[in-house]
Amino acid sequence: MTNRLSGATSPYLLQHADNPVDWWEWGPEAFAEARRRDVPILLSVGYAACHWCHVMAHESFEDEGVAATLNAGFVSIKVDREERPDVDAAYMTATTAMTGRGGWPMTCLLTPDLEPFFAGTYFPRAQFLSLLAQAGQAWTNRRDDVLASGANVTQQLQAHTQPVRAVAVEAAALDRAARALLGQFDSARGGFGGAPKFPPSMVLAFLLRHAARTGSEQSWAMVAATCVAMARGGLYDQLGGGFARYSVDADWVVPHFEKMLYDNGLLLRVYAEWARQGGGEFARRVTTETADFLLADLRTPEGMFAAALDADTEGVEGLTYVWTPAELTAALGAADGAAAADVFTVTARGTFEHGASTLQYCCDAADSDWYAGIRERLRTIRAARPQPARDDKVVASWNGLAIAALSIAGRVLGRPDYVAAAEVCAEQLIARQVVDGRLVRVSRGARLSTAPGQADDYGNLIEGLCQLYQADGRTEWLSAATGLADTAGDLFRRADGWAEQPKDGEALYLTPPAGADNAEPSGLSALAMGLLTLSALTERADLRAAAEALIAQNGALAVDNPRFGGWTLAAAEAVVAGPLQVAVVGSGPVAREMIDTVAGSPSPGLVLAYGAEADEAVPLLAGRVAVGGEATAYVCRQFVCDAPVTAVADLERGLRESGAAGNGWDRT
């Protein structure tokens, strides 16, 4: 037996490097081996922080009997879905079509030509062995049927992945989408749908922008109720900050404990935007704690951000995070322990397993100083417990989300340290993962993955660099974003629309349909958001046209099913509201106050450029001078400019008259 995973970049693959299974990485060598041996392929797809991936690994892939069966009759391939989202998407399409559901670990049986003839998710050991036995017998005795099944699956899926009709998303469609979400909203618990309940980050981003543009109280209220419910529940880490992947119940009480960078990047941005739009001290606190979690727990030694923290600790889900009343008493003493149990809803019955409870914070403690002290004591004790493993690979797309979120949070909260962290991340990401002008999707330490950048990598990093430029004014971010945008156009634009995989990427059995947001923005919606922001900052009409085409390509899906089109709808809000371009020229306290005034505006179409003097290299600053030597602001909406102003009050008035005030401007 030879296990070939010891040299992998992915921590998920490295978790299986000592299995008795003869694993291969995805690639032509593995496919050739299946053809040489004339055996089917067992494709197993998962990710490092996945609880049920760990369970299946312990039950099956570490088992000598299962390994013997796999090694004798199959070529076994292990794929990290986060490193190869294209492979994951192609076979997840087959899995959901064949079974009606998806998830990880994903388990597929393929012909040597990579066509799926069976698909599923987690299988207990006995069921998995039975599946392998039946597949082996079918391959030996009914080969023609198996091959025909694989070909039929492929043909059926290809027939349903044709390009969709482009539909422009205008103001009336955005209003319809917001009303549709109101009809699906869980008014009792926040969020949408039942158990399991996922944080609807991109939908919340859309609703905030819709509220800012239209003044919709209903859109703002859906955001507020959901943000409060999530952050008071067990989904949120009440001691360390940051959000878990999802709640297994409809009340946000018991999380699936893995903490993903993409969730926390998206939610950090939502809470920062909510704070900007009147969420108050609660929103500011959660924003701060989530940003601090990113910096404390996910930042790599190089200054970028790791992919995830594991769901399990020493093989036990939630071990690090849950408490019993007895543990609180032992940690804090009888009086404080009982009070903490009441504050955090820790009961004798428990909300989790074996009488333990997740920590919730349903109501504010009466004594804020006592509460702060209790949290600090519990954090210290929890830090001495075994800790979850960290998937320390760096995903370009998710780091782009983190850069954007930290830049926005830094502006909203007046925290230059958050902006500085985003700067280091951007510097390192560009230096390490932009090779010959193209993005590499994943790195780990000094090693680069062979996985090419996908559309979401480009889109999310472009958006991150644009938000960072608006936070620190460094023009190199605009230059880097522009270079990535031009490369993205070359790689992802097709004659019939945009694709999520590069045109010179690997040809899979199926190019899955593009567009729908899931746990993170789709490649198309990520590109739409990034290119639109960049177009407003650079005044490049071709980038704006590309962004509008991307929105239209996703338009029907987003409007018809807005729960899976939030990022597209958020970008469309910026199209309808803008571009609103503000340039501030000058230095000193008045210039700083002007910059902060713009940073406080919730308008979805607004972008900001600033500098001490006119700068011909930055379109919004070209020819713009400090009038009479005083700090001066220029406000332009839809390419029509007001007269320059030198007083902060006049800037505020100009923003109001340009539609930048919105619903959130006057909230307290």
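A polar contact is taken here as a pair of N or O atoms within 3.5 Å, where within protein one atom must be able to donate a hydrogen and the other to accept it, and where residues adjacent in sequence count only if both atoms are side-chain atoms. The structure is a predicted model, in which local features need pLDDT of at least 70 and side-chain atom pairs count only at pLDDT 80 or more, whereas totals for chains, interfaces and linings use all residues. Residues are numbered from 1 along each chain as its sequence is written, and side-chain values use heavy atoms, with hydrogens and water left out.

Helices (H or I, at least four residues) and strands (E, at least two) are DSSP runs numbered from the N terminus. The expected span of a helix is 1.5 Å times one less than its number of residues. Helix α15, formed by residues 368-383, has 16 residues and reaches 22 Å from its first C-alpha to its last, close to the 22 Å expected at 1.5 Å a residue. At its N-terminal end, α15 is capped by Asp 367, a side-chain oxygen of which lies 3.0 Å from the backbone nitrogen of Asp 369. With buried meaning under 20% relative accessible area, exposed over 50% and partly exposed in between (1.4 Å probe, protein chains only), the buried residues of α15 include Tyr 371, Ile 374, Arg 375, Leu 378 and Arg 382. These residues cover an arc of only 100° around the axis, which puts them on the same side of α15; the arc is that of the directions from the helix axis to the C-beta atoms. An α-helix has 3.6 residues a turn, so residues three or four places apart point the same way. On the other side of α15, Asp 369, Thr 380 and Ala 383 are exposed. The cover over the buried residues of α15 includes α12 (280-298), α13 (325-332) and α14 (334-343), contact being defined as heavy atoms within 4.5 Å.

Helix α12 has 19 residues, which should span 27 Å at 1.5 Å a residue, and its end C-alpha atoms are 27 Å apart, in agreement. Among the buried residues of α12 are Phe 282, Arg 285, Glu 289, Phe 293 and Leu 298. Helix α17 (residues 416-433) has 18 residues and reaches 25 Å between its first and last C-alpha atoms, close to the 26 Å expected at 1.5 Å a residue. In α17, the buried residues include Tyr 418, Glu 423, Cys 425, Leu 429 and Gln 433.

Grid points are joined across faces, edges and corners, and a volume is the space filled by probe spheres set on the points. The structure holds 3 cavities of 30 Å³ or more, and about 400 Å³ of space lies in the largest cavity. The largest cavity is lined by 30 residues, of which Arg 209, Arg 269, Glu 273, Ser 603 and Pro 604 are the closest to its centre. Elements that give two or more residues to this lining include α9 (201-214), α11 (261-276), α16 (396-413) and β21 (606-611). The second largest pocket has a volume of about 340 Å³, and of its 21 lining residues Leu 13, Glu 25, Trp 26, Glu 83 and Thr 450 lie nearest its centre. Strand β3 supplies the largest share of the lining of this pocket, 3 residues.

Most residues other than glycine have a negative phi, and most peptide bonds are trans. Trp 252, in the loop between β6 (246-247) and β7 (255-256), has a positive phi of about 65° although it is not a glycine, and Trp 252 is buried, with a relative accessible area of 0%. His 354, in the loop between α14 and α15, likewise has a positive phi, of about 60°, but His 354 is exposed, with a relative accessible area of 81%. The peptide bond from Ala 195 to Pro 196 is cis, with omega near -10°, and Pro 196 is placed in the loop between α8 and α9. Arg 189 is also found in the loop between α8 (171-184) and α9, and counts as partly exposed at 35% relative accessibility. Not counting residues up to four places away in sequence, Arg 189 touches Lys 197, Ala 229, Ala 250, Asp 251 and Trp 252.

Conventions: 1 Å grid on protein atoms, 1.4 Å probe; cavity = no way out; pocket = protein on both sides within 12 Å on 5 of 7 lines; lining within 4 Å.
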